[in-house]
Every structure is written in structure tokens, then in C-alpha cells.
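Please look over the sequence and the model before reading on.

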Amino acid sequence: MLKFGGQLKTPAQVRGNNSPVLRISPATSPVNRNQNQVPTLHSVKLNAIDPFKSESREALDAITSVVSNRRRKPISTAQTVGVVKKPEVSFVKEEVESILPVDESAEAEVIREGEALNEDVESPVNSLATEDPLNPSPLSTSVDEKALEVPLERADYWSPGIESEGEFVEAYGALSSIPNHDGTECFKWDNTLWSAASHFKYRWNLFKNLRNAIDQHEGGFDKFSQGYKIYGFNRGEHNGVQGVWYREWAPAAKALALVGEFNKWTPSDSHWAFKNQFGVWELFLPDQNGKSAIPHRSKVKCRLETASGEWVDRIPAWVKWATQEWNEVQYNGVYYEPPQKGEPGELHPDKSYVFKYGRPDKPRALRIYECHVGMSSSEPKINSYTEFKRDMLPRIRDLGYNAIQIMAVQEHAYYASFGYHVTNFFAPSSRFGTPDELKALIDEAHRLGLVVLMDIVHSHASKNTNDGISMFDGTDGMYFHGGQRGYHWMWDSRCFNYGNWETLRFLLSNSRWWMDEYKFDGYRFDGVTSMMYHHHGLSYTFSGHYNEYFGMNTDVDAVVYLMLVNNLLHDLFPKCITIGEDVSGMPAFCRPWTEGGVGFDYRLQMAIADKWIELMKKHDDMAWEMGNVVHTLTNRRYAESCVAYAESHDQALVGDKTIAFWLMDKDMYDCMAVVGHGPTSIIVDRGVALHKMIRMITIGLGGESYLNFMGNEFGHPEWIDFPRVDSYDPSTGKFVPGNHGSFHHCRRRWDLCDSPILKYRYLHAFDRAMCHLDKAFGFLSAAHTYVSRKDEGDKLVVFERGDLVFVFNFHPTNSYKEYRVGCLQAGDYKVVLSSDEDVFGGFKNVTKDSDVTFQATNYQFDGRPCSFQVYSPARTCVVYAPAEWCDMDGDRLPGGVPGLGVKGLGPYFSP
């Protein structure tokens, strides 16, 4: 039964697999028909209110009641007023590498013209004016406006921040004792793992022995993981005298001295260190006249004699900051120790930053915004921590993401490495600002309620010797394997020796350092597959047989290190989140270390992005197999959570394409203007439609959390290309031309999605609505998931996630009326989100504004106990929710999200 406007109507026939098909020719299909029509106009006015105050909440409920009982009547074309004819803007591609900026002067003229016209218009409806569909005006009601004059920041409604009354003090958890079992507890989730029982028992014993040895010889796991309080530079005392201690592990060095600006790069007798029995060099520099012997922000290096007798200068391995002068090639270590302590939240060049805001609670599901500080500006330059804090954090919060994952934090001499060739592991990248400016960024993110994850690199290190840790004391071992095993031929970098005691101290301390000192909330561990296997996952195909994961190919030392680091982080920081970049699918990777698992919270579901690229690159629309798509999205291990993504930074790099660029390619240069402002293209119409659908089905089925790379939410055109010079590929020797040091493709074009006359805004708006749908209904973390239809002929996918029913029609031309879809619960459903809304660049063939009630009856269909009938236009995705939690006017209330028809904050709201 379908209920339209309160009237029950019986369909002409019950539709099943053989239901009638509405065939639309390409000339009149939704993706091709003329959109040049007058938009629906609404007139409303409502002052903002604060939904978190009780009196305002009551007022909001009253408004919601009024609005839900007052159904809009469509306004005919004859009634519309204030419609401005806008000049056509032509976007011309001058060269393949550039997208011309929007003509802002013409755009401003249009806005001024529209404002002037609207001021002079009278209308039968109070204050009728043209409406920006992405920023709709609220609905007028009879509620006393003066009683509601409480300011409301729109993001606060959906993203309440954190309050603070003083300095944030970390509350550490207690380290767990080692459970008394043999490492096979995780088999209760998969009893087929018993075939690899001996391997699990072996690595569990190795793990236990290491923990016990650390407790016995290092004073405990807690102390062992705080090597940064011993090594490198630390304030302390010696024989009652205050000063600076410097310690460095360099076992093969014959002599070592500290040099820098403080001694004019020439060591005196008191600047030479002494070597203890463990190969650690120690030096104490007493204060002079009450001041540090090494001034704050002064350059330092250690000068040492290698085993072969060569004298070299090295940046201290545990240095906390390293910088590069504009006229120098090499980096220098910097002694960073502000002489004063700032007030909580105070950023001052001569004061250490003190955190003011606590860590947000661990989200039920992550919506991660993967970002890079340096390339976050719309200008061709390197952006700063401070600019990112000011400009990007509010944008990310407004989109509805609850976590940011910051790339390229650890210092890396080569900018074009995207931060993956780390040279200084304890130093934040100086390109973007000072350590205290990074702390202020993280503190502000916490204030806004955002979890802050760091893209940490423990899988390999830069092979640089002068400004890295490779060959530090003149030997090719130390922290790394010696010989060929210590060299990663594909990445041209060094491979850590995870069985080395000092390497464990270095890496475990490093993982704790960023949580302790900078208050990161967790990590995305890069390149974990490369760590766990001797073959690094290169030229190797994982078919799923357990002997591929648990045998001689496995680097057990590396796996045990990952167990140790997860043990450390999750015990000491109860809110910590760890994500592993593993493409192999190792079983028990995301089971707790206490069960004998590796201990990660999430695995990156990397196969999904590869599948989308494959489909777009090799197949036309009719060759997309729905079963294959669904299999890729759902192919993950039971009880092991995954982070799904349609594309990450990998797909945006030069040599590849973003989803938007794969779909629309060169047409993005000329045809992204909205109707009336430039040429149109059926390729762009197709691309916009599929871009929304690909992202929606990925977040809907792909995992228990979701990730998006900065800018891809609005279909960022072209690719990422860091400034670089000519070079040679180390794995092939092939010549790789540079780009003359250009920043043109190393930025994010926010001007494109912010322009009201470009279609990027449609994709941006849909991504925002998609994230807020999860806030309201919690479908990402919902236990219930069921795929009821994968129709290869109709090109339809239907599935349930939580209380929601998702319907995807990937067919390029066929739209289906009275199409029956299965569901779990009987009752009334309504459209809560449709990709076909005009605010998303759609045609409103299916829209929440129709306010149609779909009655699910106990008619079994597609293996589901209940079902209802829908209209499914070509290339659309529609989400149906229980009618009691839908409101067609929800997006026109204060705090409403354009295009999202949810009532209030939904039934399961969580930021």
C-alpha cells in the first residue's frame, strides 16, 4: 500500500522481479533532460535557538510540531518572484593542467542584482524570495520570535563541542597483566584458525617473553615506553646542578660531541659525551647564569667518529624539532624548550603550549577526514598549522565528520614523499609551523569535538644519513636490518629490525610520545602489510589460505611489535583508536591482543577503492556487476571492524585519478557550471550522479567506519602532484620528469565547492547530508545488515542497515515504478535522503518534499518478512527511514541539513 498525502492507494499490481519497467530514452532521461526551470520557493523566518537549553528545546519541539502539521503547497511558476536571470559564465580550458578560477566579479554582480530585486518585490507569501537550496531559509511559524532569540551556530546543533575550565590533565589507564592462555583465545571467532594454532602459540610466547623481559630489565613496560624522557634532550640535574642532559644510542661510534649555534659548531672539552656499557653516549650541560646552556630554538647536531674512522654530523635521533633554512639543503636539529609555561589554550612563541580541552569520547563509528596540512590551502603554497586550525577545522566539523587523520606529521626531508619517508620521528614537520602551533591545532580540534588521528610511519624510514637515522653510527644496522633485508627496494627506504631491543624502545616510545606530548587520540599505522611479511606484500597475491599469513613468509618480530604497541596504547590511553593499513586480510588482525590477536581497532578496507577504479576504468555502466560490487563491499572478516573508503589520498596522487576525474575527465574543465552559467554535459550529469551513489553505497555497506580524503567529498578535479624535480624510479631506474617545483596541483580548490554556480557544491552538500544521516541513525555501527537484492538486469541493490532501507538504481536509463523492496519491519517509511534532491543536483523525481508514506506490510519478498513499493529513478540512491523519524521540513529548521529529512536529531543521535 502507498499512502500519498494521507490517502491510501492500491497499486495496479503487486510488483516483483517481473514488474513493469519505465524505459526512458537518453534524450529524456533524468541525467539528460533540461533543468532550466524555476526552483520551488519558500518563505519563512525564524530566529535561531539553542537546542541544548531546556526552554529552547521545548520551543524547538513546538516548532517541529507546527511545521509537521503545516504541509507546503507547491508554488506555481506564475507565483514565483525574485528570480534573477544570471549571465552565462564560460569556463575555458587553457591548458590540461589548470582549472580557471570562477569569475568572482561576475558572481558578485549576480548576487547584488538578486538582492536588489528581492528587496523591491511584494508577495502573497510573507517575505517571499529566491532561495539558495544549500542554505534554505527557515519556515515561518506562529511561535513568539522574541522568546527564541538565542544564537545558534549551525554546527553546534549536530556537533556539540567540549567545555573546559582549566588545564587538561591526562588520566592514564593501568597496564594489563598478560592473560594466562596460549594465544588461541581469538579462535572462538573462527575455529578454522586451529590449523595455524602452532603459529599463534609461538608468537604469543614471544610476546609474553618480551613483556616479561622488559619488566625484568627496564623497570616495567611503562618506563620502557618513555624513552623520550631519557634519550635526546631533557631538562634535569647532575650533582644538584640544573641543566640539560643529552643521550644518544650509537654503539659503533668511537667518539661523540654536541655541536651547534650554542658553541659556534666547535665543541669544547665539556661538550664531549661519555659512552656507557650499553652503547649510550651521555652528556650534561649545566645552566649558565640561570639560563640553559643551549638556547631555545637554536640549531644542534651531534658530531661523531664512525667505526671506520670517518667524522660525520648527525641530527640527534630523538630530536623534538628539525628545520631547514631557505638557503640550505640539509636539515638541522633544533633544541626546542620554551623557557616559560603558557596559560591553558595560550599560544605564545616563548611559552610552551598547555592543553585546555580533553579528549573527545571514542565515537561509536568513525567518519574520518583524511587531511594534509601543507596542501590544505586553496593557494599554491605550503599551508600552516595555524591556518589549518582557523580555516579547515570548522569546515570539517560542519561537514559532519567526527575525526581527522593528519598525514605527514613526522618530519620528512622530502616533501613529495607525502610524509612517508620520515627522517626525524619525534619532530613535527617544521614546514607547517612550530610544535606548539601543532598542539594548538589539536586542542582546537578537541574543543570542536573532533578525534585527532595521526598517520604514523613505523613500517620503514628514510634512507637519508645526514638528516635521518640511517647509518647513524656508520653501520647499516642499528635500528634496521643490515644488508638487503634492511632495504625496501620498492620504496627506496630502510626496514626496521623489530627484534632489536633499542628499536623496540625507539618505536614504542615514539608511539607514546605523540599521544603524550601532542594529545593525538590514536593512529593510522601506515604500511602494515609491508611490516608483517618478509616479501612486504610485493609481487604476492593473497588468496585467503591461512598458510599465506602464518608461516615462513611472516615477520613474527614485526607482528609481535604491533601486538606490543596496541597493548601499550589501549591500556595507557583508554580512548585510543588504532587503524592498520593492511591489504593482506590477516586473520585476527582486529581482535584484541588479550585474545592473541594483533590488537587493532580497525583495518583499512583497501580493496573497495581498487574495485571502483577497476569498474570505471575497464567497464561501461551496463557491465557493472551488482553482485561483484556488493561482494567487494561486504567481504570482510566477522567480528573484525573495517574502515571503508571509496578513495583516499592514494587514488588522488599523480599517475592515478580521483573518482570524479575518472567519471568526468576533461569535461570537468568546461561543464561544471550549473544550468544557466555555462555549457552542460551528459558526461558530467552521469558523473555527478554516480559520484554520489558510489560514496553512499561505500559508507552504507563497506565497513563499520568511513574515510574520505580532503577535497574528494566535492569531487576535487585533477590530481595531487607535490613540487618536485627530475628523478629516477629506484625500483625500475626509469626517468621520472619533475614539475619544476610547482605547487599548482598541491593544494585544494575550496573556491570550487564554495561557488554557488558550480556543481561541486552539489557533491559537497550530499556528502554533508550523508555524514549527518549517520549521526542521526547510527547505521555505520548498527548490528543489523542485510542485502536483499543484487539484481544484474535491473542494476539494483537493496539492503538494510540498522533501521534504514537503502535502494540503489545503477541503471543508466531505466527507472522503475512500483518496485517492491524487502525490509525487516512492517510499518510506515518515508524518504529521509535522496540523491535526486535539487540541492544535490538532482531532479526531485524522488524527494522527501513529496512527503509520501510507504507502508511496509507483512508481504514476504526477497527473503524478507516485510516489503513495500517505491519509485526508483535511473542513477539514484534513496534511503528510507521509519516515518516517525522523518520530517520533510527538517532541513528548514535551525540547524537543519539541506536535503536531509530527519526529524530533530534522529533516534540514535551521536556526534
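Does Cys746 count as buried or exposed? The model is predicted, and in it Cys746 has 0% relative accessibility. Buried means under 20% relative accessible area, so Cys746 counts as buried.

## Cysteines

Cys671 is also in the buried class: its relative accessible area is 9%, and the cut-off is under 20%.

As for disulfides, the structure holds zero. A disulfide would require a pair of cysteine sulfur atoms within 2.5 Å.

## Aromatic pairs

Across the whole structure, a search finds 62 aromatic pairs. One of them joins Trp318 and Phe506, with 5.2 Å from centre to centre and 85 degrees between the planes, an edge-to-face arrangement. This pair links distant parts of the chain, the two residues being 188 residues apart. Trp318 lies in the loop between β10 (311–314) and β11 (322–323), while Phe506 belongs to helix α8 (residues 501–518). Trp318 and Phe506 are both buried.

Tyr533 and Phe542 form another pair, with ring centres 5.1 Å apart. Their planes meet at 50 degrees, so this pair is tilted; planes over 60 degrees apart would count as edge-to-face. Tyr533 and Phe542 are both buried.

## Charges over rings

Arg203 lies over the face of Phe200, at 4.4 Å from the ring centre. Arg864 lies over the face of Tyr786, and there the distance from the ring centre is 3.7 Å.

Note on methods. Residues numbered from 1 in each chain as written. Predicted model: local features only at pLDDT ≥ 70, side-chain atom pairs only at ≥ 80, totals over all residues. Heavy atoms only, no water. Phe/Tyr/Trp six-rings, centres within 6.5 Å; stacked < 30°, edge-to-face > 60°. Helix = DSSP H or I, 4+ residues; strand = E, 2+ residues; numbered from the N terminus. Buried < 20%, exposed > 50% of the residue type's maximum accessible area, 1.4 Å probe, protein only. Lys NZ or Arg CZ within 6 Å of the ring centre and 35° of its normal.
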